[in-house]
Amino acid sequence: MHAILCATPEEMDALRGVLHADPQPDVHGPTKVWRARFGGEAIVLAQAGIGKVNAAAAATLLLSMFGARSLIFSGVAGGLNPALGVGSVLLADRLAVHDYGIISDGAFIPTAYGVIPVGAPPLIAPEPVENSVRAVLVSLAQAVSERLDARLGGVVTADYFLNCAATRDELHARLGADAIDMESGAVAVVAQAWGVPLYVIRTLSDLAGGDSHLTYDEMVEAAAVNSAACVETLLGLLAGAP
């Protein structure tokens, strides 16, 4: 079973619009789960809520209770790369949580997630996804290229909404990341622990600058629709995979 996650009601509305889920969800604590079918196969859609804790809890629920064999995260993100515009779709071939680490001498030093930060090397770039996942994302980018600006890139995750151009530029320069969100890196940690593939699809709803809160409100629904369209195409690719 494939399990598709998102964070917000707008993202879920877009998914339900293309995947025709049941009208009412099952409720498991903070997570709402809709059942659906694609190509005759059962799938589930989960609205996790915003942030790393909600996302990790939802991913674990889908793996443990529903027996998901792959995870897909669909939603929106803030842009870090100045070459990308609002509405661009980022298919994450690199992922990291970047607000985990150590504070020493008044400075925060991010490290890889889950290691003891004391003595750990600084985080310098998001971690590449498995080659098999990347190959599928390449095929997905090609499949939607005539209707969407979709490309592979790096996504970093933190428990904050980025509304600062200076921080945006610093993160892009230091980590080489293209977008920032509040969930994907946490789901990647869970997926790796369970040994299942994760496909992250994020459409830029804003450019993470000083006016990003305004652009987000204007663009979140349209951006979520772009990601949901990619999810539908991705499910078709996965259904045809050997």
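Predicted model: local features only at pLDDT ≥ 70, side-chain atom pairs only at ≥ 80, totals over all residues.
Helices (H or I, at least four residues) and strands (E, at least two) are DSSP runs, numbered from the N terminus. Residues are numbered from 1 along each chain as its sequence is written, and side-chain values use heavy atoms, leaving out hydrogens and water.

**Ser-205**
- Ser-205 has 1% relative accessibility, so it counts as buried (under 20% relative accessible area; exposed is over 50%, partly exposed in between, with a 1.4 Å probe and protein chains only).

**Cysteines**
- The whole structure holds 0 disulfides (a disulfide being a pair of cysteine sulfur atoms within 2.5 Å).
- For Cys-230, the nearest cysteine sulfur belongs to Cys-6, 15 Å away.
- Cys-230 is buried, at 0% relative accessibility, whereas Cys-164 is partly exposed at 30%.

**Nonpolar cores**
- The largest nonpolar core has 66 residues, and those touching the most other members include Ile-4, Leu-15 and Ile-201 (a core is a set of buried Ala, Val, Leu, Ile, Met, Phe, Trp, Tyr and Cys residues joined through side-chain atoms within 4.5 Å).
- Helix H6, residues 212-239, gives the most to this core, with 9 residues.
- A second, separate core has 10 residues, among them Leu-80, Ala-96, Leu-171 and Ala-208.
- In soluble globular proteins, nonpolar side chains tend to be buried together.
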